[in-house]
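The entries follow the order in which I worked.

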Amino acid sequence: MIRSPRFGLTLTLGSAQTLAWASSYYLPAILAVPMARDLGISPSWVFAAFSAALLLTAMLGPSVGRLIDKQGGRGVLMVSNAVMALGLVIMALSQGMFSLMLAWLFIGIGMAMGLYDAAFATLGRLLGRSARSSITGVTLLAGFASTIGWPLTALLESELGWRAACGAWAILHIVIGLPLNARLPRAGESTHYPDDDKSAPPPERPRLAMILLAYVFAAGWFVSTAMAAHLPRLLQETGVSLSVAVAAAALVGPAQVAARLGEFALLRHLHPLIAARVATTLHPLGAALLATVGMPAAGFALLHGAGNGMMTIASGTLPLALFGPKGFGQRQGLIIAPARAMQASAPLLFGLLIEQNGAEALWLTSGLMLLAFLALLFIRVPQLQR
C-alpha cells in the first residue's frame, strides 16, 4: 500500500513524458523533409528552427525550475501541454519560415516546462531524496517515446500529411497529456516529502561540483544527440554496410531501456555518483573496442546505448542526491542549461566532423566522455569517503 501511490505517480508522469517527447523532440526526424518540401525551404532550416527551440528551452530552464520549487510541478506541466498544443497548431497552419519559427519557439517553451527537467523537479518537490526510483521509472517509460512516436508520426504523415500529424499530436496533448498531468498531486498535498537534508551532507565545494556536473551532462548530451543524428552514417565509416549500420543503430533504444532496468535493479542501493561514473566510461570503451579489436558495430551501439540510458537517469538523480531537494528545480535548470545548448549544436558540428575525419570523429566523443569521468572523480561526497 505504501508503494501504490508512488507507482501511480511514476506511471502517470512517465506516460505524460512519453507523449511530450514523442510530439516535440522526436518530431523533426520524421516531418522535417515533408515539411520543408511543402513550405519550399531546405530541411536544414527546419532543423535550425528546432535548434532555436532547444536554445530557448535552455534559457528558460532555471526559471521554470525555480517556479516548480515554489509551487510544485503539476500546474507547470499542465500549462506545458497547452503551450505545446498551441505550437503544434501553429506548425500545422504554417505557410512559411516565419510561422514555422514561431511554432518551434512555442514548442521550445513547452519543452522547457514539460520535458525531463520539469518532471524531475516535480518528483524532487514531491518525494525529496527518495525520488530516485520514480525518476528511474519515468525515464524507463519515456524511453519508448521514439519507439511509439516515430511510427505513429510516420503513419499519420503518410496517410493524412504532416499538417494533420501535427494537429493530431496537438489534440493528444489536450485529451491525454493534460488530464494525465492534472492527476499529479499538488505539492502541498504530498505526504512523502522527507525533510532529510541532514541525512546526506552536500559535496565539498558545492559550487565546483555544480560546474563539474554542468560539464558532465553537456558532454553526455552532446554525444547522445550526435549519435542519435549520425550513428548509422558513423558506423558505415567503419566499413560496414548500410543495412548492418541501421540494424546496429536500432539496438541503442533497447540498450537504454535495459540499462535503466539494470540501474533500478542493481545500482539503486549505491550512490548515483557510482552509476554516473560507470555510464561515462561505456561510450569510450565501445569506441576503443571498435577501433582496436574489431568489435562488431552492434557491440558499440549496445555499450553507447547503455551509457546513454544511465546518464539520463543520472541527470535527475545525481544533483538531487548531491544537493538535496531544496531548490532542486532551479539548480537542475542551471546545471542542464549548457547541456541543452550543446544538444542544439551537436548534429551540425558532429556532421561536419564526420565529413572531415570519418570514424575518427569518435576520438572527440570518447575524449569528452573520459573528461566527464575525470570530472566525476573530483566530486567528493562525505558518504563516499567512509
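Entry 1, a charged pair. I began with arginine 163, which is partly exposed, its relative accessible area being 26%. The model is a predicted one, and I kept that in mind throughout. I then looked up the side chain that arginine 163 meets, and found aspartate 38, joined to arginine 163 in a salt bridge at 3.1 Å, N to O. Because arginine 163 belongs to helix H9 and aspartate 38 to helix H2 (residues 28–39), this pair ties together parts that are 125 residues apart in sequence. Aspartate 38 has 45% relative accessibility and so counts as partly exposed.

Entry 2, the other pair. How many salt bridges does a search of the whole structure find? I noted 2, and turned to the one that joins the side chains of arginine 340 and aspartate 117, again with 3.1 Å from N to O. Here arginine 340 lies in helix H15 (residues 328–357) and aspartate 117 in helix H6 (residues 116–127), so the pair ties together parts that are 223 residues apart in sequence. I checked the cover of both partners: arginine 340 counts as buried because its relative accessibility is 2%, and aspartate 117, with a relative accessible area of 13%, is buried too.

I looked up how the protein chain is divided, and recorded domain 1 (5–183) and domain 2 (207–378). Their C-alpha centres lie 22 Å apart, and I noted that 28 residues of domain 1 are in contact with 37 residues of domain 2.

Which members of the largest nonpolar core touch the most other members? The core has 59 residues, and I listed Met35, Met91, Trp104, Met111 and Leu123 as those members. Both domains contribute to this core, with at least three residues drawn from each of domain 1 (5–183) and domain 2 (207–378). I also recorded a second, separate core of 53 residues, with Ala226, Ala249, Leu362 and Ala375 among them.

Setting aside neighbours within four places in sequence, I found tryptophan 104 in contact with Ser24, Pro28, Val46, Ala49, Phe50, Ala53 and Met91. I followed that list to phenylalanine 50, which is found in helix H3 (residues 43–71) and counts as buried because its relative accessibility is 10%. With the neighbours within four places again left aside, phenylalanine 50 is in contact with Ser24, Tyr25, Pro28, Trp104 and Met111. I also looked up tryptophan 162, which is 112 residues from phenylalanine 50 in sequence and 16 Å from phenylalanine 50 in space, C-alpha to C-alpha.

Is arginine 277 buried or exposed? Arginine 277 counts as buried, because its relative accessibility of 15% falls under the 20% cut-off. I placed arginine 277 in helix H13 (residues 272–292), and, not counting residues up to four places away in sequence, noted that arginine 277 touches Phe373, Leu376, Leu377 and Ile379.

Last, I looked up a nonpolar patch on the surface, formed by Ile171, Ile174, Val175 and Ile176, which together have about 350 Å² of accessible area. Of these I located valine 175 in helix H9 (residues 162–182), the helix in which I had already placed arginine 163.

Technical notes:
Residues are numbered from 1 along each chain as its sequence is written. This is a predicted model: local features need pLDDT of at least 70, side-chain atom pairs count only at pLDDT 80 or more; totals for chains, interfaces and linings use all residues. Side-chain values use heavy atoms; hydrogens and water are left out. Patches are made of residues with over 30% relative accessible area and no salt bridge: like charges are joined within 9 Å, nonpolar side chains (Val, Leu, Ile, Met, Phe, Trp, Tyr) within 5 Å. Accessible areas come from the Shrake-Rupley method with a 1.4 Å probe; for residues, only the protein chains shown count as cover. A salt bridge is a side-chain nitrogen of Lys or Arg within 4 Å of a carboxyl oxygen of Asp or Glu. Helices (H or I, at least four residues) and strands (E, at least two) are DSSP runs, numbered from the N terminus. A nonpolar core is a set of buried Ala, Val, Leu, Ile, Met, Phe, Trp, Tyr and Cys residues joined through side-chain atoms within 4.5 Å. Buried means under 20% relative accessible area, exposed over 50%, partly exposed in between (1.4 Å probe, protein chains only). Domain bounds come from an automatic or database domain assignment. Contact means heavy atoms within 4.5 Å.
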